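Hi,

Here is the structure I promised to send over. Have a look at it first, and then read my notes below.

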Amino acid sequence: MFELKKKDISKQDLWQKANIVLPQFDVEKIENATYQNPVWVHFGAGNIFRGYIAAIAQNLIERGELNRGVIAVELFDYEIIDRIYKPYDNLCLVVTSDAKGNLEKRVIASITEELKCDKSFEADWQRLCKIFESSTLELVTFTITEKGYNLFGLKGDYLPAVKEDIENGPQSPKSSMGKVAALAYVRYKSGRKPVAYVSLDNCSKNGEKLQSSILQIAKEWAKRGFVEEDFVEYLNDSSVVSFPWSMIDKIVPRPSERIKELLEKDGLKNMNIICTSKNTYIAPFVNTEKAQYLVIEDSFPNGRPPLEKAGVFMTDRKTVEDSERMKVQTCLNPLHTALAIFGCLLGYKTIYEEVKDEHLKRLIEKIGYDEGLKVVVDPKIINPREYIREVIEERFPNPYIPDTPQRIATDTSQKMPIRFGETIKAYAESPDLDVKGLKYIPLVIAGWLRYLMCIDDEGKTFDPSPDPLLPELKKHLDGIELGREYENLEEKLRPILTNEVIFRVDLFEVGLSQRVVEYFKEMIQGIGAVKKTLQKYVN
Ligand SMILES: NC(=O)c1ccc[n+]([C@@H]2O[C@H](COP(=O)([O-])OP(=O)(O)OC[C@H]3O[C@@H](n4cnc5c(N)ncnc54)[C@H](O)[C@@H]3O)[C@@H](O)[C@H]2O)c1
Ligand SMILES: O=P(O)(O)OC[C@@H](O)[C@@H](O)[C@H](O)[C@H](O)CO
């Protein structure tokens, strides 16, 4: 037996026998160099970071293109650090599966430090301040989920923690964006030092979203005299501080029991999967697919590692935007969200089983090829039609990527505007497209309303995936039962369907609410009605 710990890394024969590739560099040397002269900080120490971003850093280190690692920082779920980083010396085992079931196993050792970003962890906070004062710091990347950037609640008022941060200034921030703004202020105070803040989350114009949240807090602080006006100027000057946009694509599901068992058979100890009290599913290993795309706007005022040498497309903002529109708004994530919603309703536990169902497959083909492609601008670096084909025919059906509809259904309320709202808006604004002609996106929206009832198509209650708006949204579905007729459903659902925070547009105004409500009515007819409605409309 051996462990994913530094002390066992020297037992090369054991790892070799298990076909696990070890880091090809002097881990301690990189750690020391990074401690002295940090280059790269990452916020959001979850699965995609460990399985993709940290692997990019390792590729560069192994090729001699980078001589520092990445510092992992957690803003939200400190259990990750205590239970998955510290006990395994920040090592991570990445298991990559192709559709034939061939596995590549590799130890990632490019994460050199793990820090909890909160003033209550005084030593970590002091260390973070030191890092942000460092002139060698080039980039700060983020994978903190869409909701991590939010400042406002559904009604447009500040979230409580954000409000508190605004009132109290940068001294002891509580909200995620407040903490990042406070560290940006530390960097500013240390001599207006340059840096790039790079969001790698699945949101449209993610760089703009990050910048606007940090700026908003900075402006509120400046108004109250907590910071200089010049701090706001600094954050607005892209020659000093940039917020590059990006598109990131690699399916990194929750850790799988099957992979855990395989690793244990290899002789590895303590491969337990945990679910933290904040609902992060994480393990010492990460399971993922081979396919991967990362496109980043090339704007780095303090320089950057040669990311292109690790396969990252470094390009202009327009190409990033077109790639993001292609992936997040039309060709992958909306298809994923559709499968997530219908998967939970129809009792599926894996995505690959879902795409074997001809109706679900047809639904995602219709959303992608028929409704989505019409608003896609070809990003040139990736062909959109070929990309959808790869997604539907190769990536989703991969049985060795045990992705679940329940994982993807997490935070659906936060994803609606980007996954579907942008496309509806583009149709509504186009002189050549008829928004009322959309059929399949409204079917997914109706499915989501049906999902919010938390009763599956067999009439059994299910636990919905976490979503910050769930309690509020569920209230609007209260009292609706399967098998009953309702006269005033359109009115009852109006508060959801008119909410532009959720759909980017008012579905009543654009003329889609009636169709959504009609589909929804059909889906609540009784047991099996969701399946029947799906079959009726995709056929
Ligand atoms: N997993 C994927 O397949 C994938 C692919 C492409 C992009 N992404 C992007 O990365 C994000 C994270 O995915 P993951 O696989 O790492 O998920 P994960 O559940 O493994 O980790 C989520 C991370 O976000 C942090 N987080 C959650 N809420 C936060 C908040 N309010 N403030 C600050 N941090 C918060 C968590 O603490 C954790 O570090 C996704 O939401 C998506 O935007 C993921
Ligand atoms: O991660 P989210 O929450 O933005 O969306 C769920 C999935 O669609 C997503 O994680 C995909 O796996 C990913 O976007 C593939 O690149």
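About 3300 Å² is buried between domain 1 and domain 2, with 60% of that on carbon and sulfur atoms. Before I go on, please keep in mind that this is a predicted model. On the domain 1 side, the residues that lose the most area to domain 2 are Leu154, Ile251 and Arg254, and together they make up 20% of what that side buries.

In case you want to colour the two parts, domain 1 covers 6-315 and domain 2 covers 317-538. Their C-alpha centres sit 30 Å apart. The contact draws on 38 residues from domain 1 and 42 residues from domain 2.

What about charges and polar groups across that boundary? I get seven salt bridges between domain 1 and domain 2. If you'd like a pair to look up, Lys147 forms a salt bridge with Asp411, and their closest N and O atoms are 2.9 Å apart.

Now for the ligands, starting with ligand 1. Which residues are closest to ligand 1? They are Asn47, Glu74, Ser176, Asp201 and Val252, out of 25 residues that surround this ligand. By type, that shell splits into nine nonpolar, nine polar and seven charged residues.

A few distances around ligand 1 that you can check on screen:

- The side chain of Glu74 has an N or O atom 2.4 Å from an oxygen atom of ligand 1.
- Val252 uses its backbone instead, with an N or O atom there 2.9 Å from an oxygen atom of ligand 1.
- Ile144 also comes in through the backbone, where an N or O atom is 3.5 Å from a nitrogen atom of ligand 1.

On its own, ligand 1 would expose 820 Å², and the protein buries 88% of that.

Next, ligand 2. How many residues surround ligand 2? There are 13, and the closest are Asp249, Lys327, His336, Lys415 and Arg419. Lys327 has a polar side-chain atom 2.7 Å from an oxygen atom of ligand 2, and a polar side-chain atom of Arg419 also lies 2.7 Å from an oxygen atom of this ligand. From the backbone, a polar atom of Lys250 is 3.0 Å from an oxygen atom of ligand 2. Taken alone, ligand 2 exposes 390 Å², of which the protein buries 85%.

Cheers

Notes:
Residues numbered from 1 in each chain as written. Chains lettered and ligands numbered in written order. Predicted model: local features only at pLDDT ≥ 70, side-chain atom pairs only at ≥ 80, totals over all residues. Heavy atoms only, no water. Near = heavy atom within 4 Å. Polar contact = N/O pair within 3.5 Å; in protein donor to acceptor, adjacent residues only side chain to side chain. Areas by Shrake-Rupley, 256 points an atom, 1.4 Å probe, with all protein chains shown as cover. Nonpolar A, V, L, I, M, F, W, Y, C, P; charged D, E, K, R; others polar. Domains from an automatic or database assignment. Contact = heavy atoms within 4.5 Å. Buried area = accessible area lost by both parts, 1.4 Å probe. Salt bridge = Lys/Arg side-chain N within 4 Å of Asp/Glu carboxyl O.
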